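Work through the exercises below with the sequence and the model at hand. Each task is followed by a solution in steps.

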Amino acid sequence: MAKLKLDLHPLFNQGRGIDEALQQIIDEACEKRIKTVEIIPGKGSGQLKKRVLRFLQQPAVKARYHRVEKDSDNFGRLFVHFRH
């Protein structure tokens, strides 16, 4: 099963870079009909994860994916599932 992965550790302090990286991976998943995108904001203070979740809740973004799953085994990881 094809899956894309985005590790946000290197971008943790680059506000615009985070949004651009998220937008690019969602665009790529839609173009290539990928079913799952794994996003790794890391554990840290939780601020980066909150930022990712806020990004995913934007109406224009939310319309493009099916659901978001928080990894029960790893607090610092999210899965975005698509239905193409």
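Buried means under 20% relative accessible area, exposed over 50%, and partly exposed in between, using a 1.4 Å probe and protein chains only. The model is predicted, so local features need pLDDT of at least 70 and side-chain atom pairs count only at pLDDT 80 or more, while totals for chains, interfaces and linings use all residues. Residues are numbered from 1 along each chain as its sequence is written, and side-chain values use heavy atoms, with hydrogens and water left out.

**Exercise 1.** Find where Arg-33 lies, and decide whether Arg-33 is buried or exposed.

Solution. Helices (H or I, at least four residues) and strands (E, at least two) are DSSP runs, numbered from the N terminus. Arg-33 falls in the loop between α1 and β2. Its relative accessible area is 54%, so Arg-33 is exposed. The backbone of Arg-33 has a phi near 55 degrees, a positive value in a residue other than glycine. Most residues other than glycine have a negative phi.

**Exercise 2.** Classify Asp-7, His-9 and Ala-63 by accessibility, and place each one.

Solution. Start with Asp-7, which belongs to strand β1. With 38% relative accessibility, Asp-7 is partly exposed. Asp-7 and Arg-77 are 70 residues apart in sequence, and their C-alpha atoms are 9.2 Å apart in space.

Next, His-9 sits in the loop between β1 and α1. A relative accessible area of 42% makes His-9 partly exposed. Contact means heavy atoms within 4.5 Å. Not counting residues up to four places away in sequence, His-9 touches Ile-40, Pro-41 and Gly-42.

Last, Ala-63 is in the loop between α3 (59-62) and β3 (67-70). At 67% relative accessibility, Ala-63 is exposed.

**Exercise 3.** How do α1 and α2 lie relative to each other?

Solution. Axes are lines fitted to C-alpha atoms, for helices over the stretch in contact, and angles run from 0 to 180 degrees between N-to-C directions. The axes of α1 (residues 15-32) and α2 (residues 47-56) come within 11 Å and cross at roughly 50 degrees. Angles under 35 degrees count as roughly parallel, over 145 as roughly antiparallel, 65 to 115 as roughly perpendicular, and the rest as oblique. The two helices, α1 and α2, are therefore oblique to each other.

The residues in contact include Ile-18, Leu-22 and Ile-26 in α1, and Leu-48, Val-52 and Phe-55 in α2. Sorted by class, this contact has seven nonpolar, two polar and three charged residues. Here Ala, Val, Leu, Ile, Met, Phe, Trp, Tyr, Cys and Pro count as nonpolar, Asp, Glu, Lys and Arg as charged, and the others, Gly among them, as polar.

**Exercise 4.** Which residues of the largest nonpolar core touch the most other members?

Solution. A nonpolar core is a set of buried Ala, Val, Leu, Ile, Met, Phe, Trp, Tyr and Cys residues joined through side-chain atoms within 4.5 Å. The largest one has 22 residues, of which Leu-8, Leu-22, Val-37 and Leu-56 touch the most other members. At least two residues of this core come from each of β1 (3-7), α1, β2 (36-40), α2 and β4 (78-81). The most are given by α1, with six residues.
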